[in-house]
Amino acid sequence: MGEHINNPVPVVAIVVAAGSGSRLGADVPKALVPVAGVPLLTRAVAQLAAGGVGEVIVVAPVEGREPFVDALADAPVPVLWADGGAERQHSVAHGIALLPDLPEADADAQVVLVHDAARAFVPPEVVGRVIEAVRAGADAVVPVVPVSDSIRELVDDGSTVVDRASLRAVQTPQGFRRGVLEEAHWMVAESGVAVTDDAAAVEFSGRQVTLVEGSRDAFKVTEPLDLLLAEALVAQGRA
Ligand code: CTP
Ligand code: MG
């Protein structure tokens, strides 16, 4: 009993970093792009560790691995490496395949996060909220923020307004009971559907997704303008 109350199994984060960053258009893969001299990947892993993650599985491009390894040479937690796939969901699946062997009961209950390396400034409080919600019994947990733009949906003959108040933008890290994540990705792979995030995979598998409060600071570095924001955050000591 006691060993389950103080479950020693560390929280693992799968950090997907195998994209090219075509919209950013930098001369290195996006995860290696420095902000104030420190690569996004290095920053992302530090934020996860500060939020309670005990181990990371980094999914990186197959070619040119050396600078990725260098970026995490002084990582605050142990690092395992997985090979990137053609789409994000394949990269996540490669990370799942590297989850450690554990006794079945421990494995099923282990908390696993999936995080975009490009969300390098996620506050530790958001990481902690996601972990706590999984520990409290949720199958899948997603940090979200309100949508600030007005939104219009394109339809056949024009466009129509969408009620922004009922919309939320989805961030990472998303958190799961390991058994739930493994089952969801297995079902997605079997069926051949495309999913844009892991919570969508879990929903496809017939389970509930729980929302927690995200943060504007957990924005995904996507376009050149995002790097200006990132530099400003660091200059102001917010990261
Ligand atoms: N990612 C991945 N494997 C892929 C595609 C994306 O690991 N085949 C990762 C990226 O490295 C990123 C995260 O998924 O950390 C979110 O993807 P996105 O922001 O779209 O990054 P890129 O695909 O690299 O950027 P772009 O779409 O502009 O090329
Ligand atoms: Mg992409």
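This is a short tour of a predicted model, stop by stop.

**Before you start.** Residues are numbered from 1 along each chain as its sequence is written, chains are lettered from A and ligands numbered from 1 in the order written. Local features need pLDDT of at least 70, side-chain atom pairs count only at pLDDT 80 or more, totals for chains, interfaces and linings use all residues, and side-chain values use heavy atoms, with hydrogens and water left out.

**Stop 1: strand β1.** Select residues 12-16, which form β1. Helices (H or I, at least four residues) and strands (E, at least two) are DSSP runs, numbered from the N terminus. Five of the five β1 residues are buried, so the strand is largely enclosed by the rest of the structure. Buried means under 20% relative accessible area, exposed over 50%, and partly exposed in between, with a 1.4 Å probe and protein chains only. Val12, Ile14 and Val16 point one way; Ala13 and Val15 point the other. In a regular strand the side chains alternate between the two faces of the sheet.

**Stop 2: the neighbours of β1.** β1 pairs with β4 in the parallel sense, over five bridges. β1 also pairs with β6 in the parallel sense, again over five bridges. Two strands pair if DSSP finds at least two bridges between them. Look for glutamate 55 of β4 as the bridge partner of valine 12. Then find alanine 13 opposite leucine 113 of β6.

**Stop 3: the largest nonpolar core.** Select Val15, Leu41, Val53, Val56 and Leu113, the residues with the most contacts inside this 31-residue core. Such a core is a set of buried Ala, Val, Leu, Ile, Met, Phe, Trp, Tyr and Cys residues joined through side-chain atoms within 4.5 Å. α6 gives the most, with six. Now centre on valine 56. Its contacts (heavy atoms within 4.5 Å) include Ala13, Val15, Val45 and Pro78, leaving aside residues up to four places away in sequence.

**Stop 4: the second core.** Pick Ile96, Val114, Val188 and Val202. They belong to a separate core of 20 residues.

**Stop 5: helix α4.** Select residues 88-96 and highlight Gln89, Ser91, Val92, Gly95 and Ile96, the buried ones. Seen down the axis, they fall within an arc of 155°, so they line one face of the helix. The arc is that of the directions from the helix axis to the C-beta atoms. Their cover includes β5 (79-83), α7 (178-191) and α8 (198-204).

**Last stop: leucine 229.** Find leucine 229 in helix α9 (residues 224-235). Its relative accessibility is 43%, so leucine 229 counts as partly exposed. Its C-alpha lies 13 Å from that of leucine 40, 189 residues apart along the chain.
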